[in-house]
Amino acid sequence: AILHYGHAGEPNSELVDQGVLRLHDMGAEYHCYSADVTCTFPVSGRFTDLQRLVYEAVLEATLAVEQSLRPGVVYKDMHRLAQRVLLLRMSAAGLFEGSVDDMMSVGLMF
């Protein structure tokens, strides 16, 4: 992961390989207002099968949390929901074996 990928005073000239993912955390500041966005993308422009699986699992977890948000919802509950969705998806793909409940109870993904 490359966080805050270079800037005008010190650009990042790192060479990147085909087949890898890049994570860019980019930000801007304007009159004391700061904001940033993080994005992940395949250098080649196309995900490998495994990269797509992980990308879609993260997207599914994000959507599950967004759909569950309500006033009064506890942050930890949303975090656990995201963990559960990721573990379910990864287990279904064969990346993890065993009970998702057991994985959650030992904090496999925290």
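Visitor: How do you know that the length of helix 2 agrees with what its residues should span?
Guide: Keep in mind that this is a predicted model. The expected span is 1.5 Å times one less than the number of residues. Helix 2 has 18 residues, so it should span 26 Å, and its end C-alpha atoms are 26 Å apart, which agrees.

Visitor: Which residues of helix 2 are buried?
Guide: Met-78, Ala-82, Gln-83, Val-85, Leu-86, Leu-87, Met-90 and Ser-91. Their cover includes helix 1 and helix 3 (100-105). Just after helix 2, Gly-94 has a positive phi of about 90°.

Visitor: What is the order of the elements, going from the N terminus?
Guide: The run is β-β-β-α-α-α, made up of 3 strands and 3 helices.

Visitor: Why is Gln-51 called buried?
Guide: Buried means under 20% relative accessible area. Gln-51 comes in at 13%, so the label holds.

Visitor: What does Gln-51 touch, leaving out residues up to four places away in sequence?
Guide: Gly-19, Val-20, Leu-21, Pro-42 and Arg-46. Gln-51 sits in helix 1 (residues 49-68), and its side chain reaches the backbone nitrogen of Thr-48 at 2.9 Å.

Visitor: Why is Cys-32 called exposed, and why does Cys-39 count as partly exposed?
Guide: Exposed needs over 50%, and partly exposed lies between that and the 20% limit for buried. Cys-32 has 76%, so it is exposed. Cys-39 has 28%, so it counts as partly exposed.

Visitor: How many disulfides does the count give?
Guide: The count comes to 0. For a pair to qualify, the cysteine sulfur atoms must be within 2.5 Å.

Visitor: How much of the protein counts as buried, and how much area does the protein expose?
Guide: Of its 110 residues, 21% count as buried. The protein exposes about 8400 Å², with carbon and sulfur atoms supplying 58% of that. As for contacts with a separation of 6 or more, 27% are between residues 24 or more positions apart.

Key:
Residues are numbered from 1 along each chain as its sequence is written. This is a predicted model: local features need pLDDT of at least 70, side-chain atom pairs count only at pLDDT 80 or more; totals for chains, interfaces and linings use all residues. Side-chain values use heavy atoms; hydrogens and water are left out. Buried means under 20% relative accessible area, exposed over 50%, partly exposed in between (1.4 Å probe, protein chains only). Helices (H or I, at least four residues) and strands (E, at least two) are DSSP runs, numbered from the N terminus. Contact means heavy atoms within 4.5 Å. Accessible areas come from the Shrake-Rupley method with a 1.4 Å probe; for residues, only the protein chains shown count as cover. A polar contact is a pair of N or O atoms within 3.5 Å; within protein, one must be able to donate a hydrogen and the other to accept it, and residues adjacent in sequence count only if both atoms are side-chain atoms.
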